Amino acid sequence: MRSIVKSIYDHSLAQPGKTALVAPDRTVDYATLWRMVAGMAALLKEKGLNKGERVILEANHTVEFLVMCYGIHLAGGVHVPVEHAAPADRVSAIAAEITPSMTLTGEHPLEHFAVSLDDLAAYDGPVPEFPTEEMLQEILFTTGTTGKSKGVMITHYAQMNMCESQNAVLNYSIDNVWLIPTPMNHAAGLRKTHMSMVRGSTVLLMAGFTNLKLFFDNIKNHHVTSIYLPPAGVHYVLMLGAKELAKYDEQLDFLYSSSSALPGGDKEKLIALLPHVRKFDAYGGSEVGAVCYIDYNAVSGDTKCVGKANPGVDIYIVDEHYNRMENATADNPGIIAIRSNTVTAGYWNEPEMTANTIKDGVIYMTDLGYIDNGYLYLVGRRDDVINVGGLKIAPTEVEDVALRHPMVDECVCIPYEDRVYGRVVKMLVKLNEGYELDTAALSEYLGEKLEAYKVPKYIVAIDEIPRTFNGKIDRKRIIAEQP
């Protein structure tokens with residue numbers, strides 16, 4: 001009977017004084033964390049929470065949030081996190097979907113019960129009944145950047161398989177201290193915390209990575225040994241704090257990135273700065289977890305390569321009719337299909353979408369790719385691929401090349417309907433400080449490294465590249481806002 005809360009209980013017995021969480025509000029060891037979680041579960045049951053009922057909880061980088069999250073799990077409820085300071089209409093929309101038993105929002109959601117963490121830490125009641133593996137644990141709502149926001153349902157069984165598989169692939173030490181500065185309602189940040197609780201290691205929570213002084217102070221003062229950053233975070237730290245980051249080459253065990261492709265230029269900078277640090281890029285999704293890893297410090301090559309499938313995971317390529325493709329290539333990619341014991345139970349209240357996405361235990365992703373010699377190569381999202389005169393262009397391939405030019409800080413390629421040429425590629429560029437846009441020079445640079453049809457017809461300077469709350473480029477918004 002595996003679950004994250006059962007793991008926390010086991011660690012509270014085996015290593016009670018081991019630090020579990022370091023956060024802005026406090027630091028707690030496993031014994032204290034367990035008492036808080038058990039006290040929270042008892043309180044939720046006392047307030048009427050029944051097994052299987054949903055609880056909306058505002059996420060934050062605090063012990064308070066995680067105690068409430070795991071308390072919901074232990075009480076048999078279903079945790080539904082929403083982003084910190086989520087707009088009221090966002091919370092209302094999710095509530096309309098799931099009809100929650102409780103909605104706990106605000107800077108300090110515990111205030112809804114008029115109790116404190118210290119009150120919960122004083123819990124001395126019996127060990128509660130643990131949830132069973134088939135029970136629903138969480139519903140993670142996607143951002144909706146590529147369509148309607150969807151509620152991804154994850155069971156305790158799938159979540160534990162994610163944690164155990166990824167911990168094994170990472171060769172994740174129990175002595176690790178993992179800095180996680182990304183949103184805690186999103187799969188990336190929340191699941192790294194889950195992985196650590198299962199392993200019995202330490203998590204250091206930080207609300208964002210833009211405060212570089214605090215970022216590096218935390219690494220130094222808490223002897224951080226691993227860092228999770230989305231690609232946007234990696235780029236930011238490299239732009240403004242590369243020399244400081246290099247000081248931790250001997251201290252860090254690994255740096256982990258996911259959510260979207262990490263540009264090849266940033267990979268090369270990290271390899272040069274941190275030659276002794278393992279550096280992982282991961283592929284997966286909210287629906288399945290990370291199912292594929294590459295340590296690009298040890299495996300060089302095409303930047304589109306995201307590694308080999310984790311043990312127990314079968315990844316293959318299919319066509320638009322879901323038939324296996326044996327001849328998929330970079331120029332003729334197919335849909336990525338995944339069979340794994342981590343696959344979502346489906347989308348909340350979306351039986352048709354679930355049936356179209358998951359068939360016989362296989363989930364069909366929204367990404368295109370191909371497999372070569374056992375390695376998975378990611379071409380791009382199905383909806384993002386730009387069709388120019390029958391030729392398919394992955395915007396990330398063009399962006400990856402452009403990001404290596406010294407004038408380019410950030411960029412994004414989108415389709416553009418031209419009155420004369422029809423559909424073409426348009427690139428929006430955020431310039432590095434001190435540069436002015438030279439479209440001829442950038443076009444010539446791209447033309448030297450890409451086929452002619454992939455070179456953007458139009459290149460325009462922009463002040464900022466819009467992103468979602470978890471750091472992904474918001475292509476849907478960018479396309480909608482173009483004149």
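**View 1. Fold of the protein chain.** The protein chain holds 14 helices and 25 strands (DSSP runs numbered from the N terminus: helices are H or I, at least four residues; strands are E, at least two). Its radius of gyration is 23 Å, close to the 23 Å from the globule rule for 483 residues, so the chain is as compact as a globular protein of that length. The radius is taken over C-alpha atoms, and the rule is 2.2 Å times the number of residues to the power 0.38. This is a predicted model: local features need pLDDT of at least 70, side-chain atom pairs count only at pLDDT 80 or more, and totals for chains, interfaces and linings use all residues. Residues are numbered from 1 along each chain as its sequence is written, and side-chain values use heavy atoms, with hydrogens and water left out.

**View 2. Packing of the protein chain.** Of the 483 residues, 57% are buried (under 20% relative accessible area, with exposed over 50% and partly exposed in between; 1.4 Å probe, protein chains only). Take contacts (heavy atoms within 4.5 Å) between residues at least 6 apart in sequence: 68% join residues at least 24 apart. The C-alpha atoms fill a box of roughly 70 × 50 × 45 Å along the principal axes.

**View 3. Surroundings of His156.** His156 belongs to helix α6, residues 156-170. His156 counts as buried because its relative accessibility is 1%. Neighbours within four places in sequence are left aside here. Contacts of His156 then include Arg2, Ser3 and His73. Pro131, Thr132, Glu133, Met135, Leu136 and Gln137 also touch His156.
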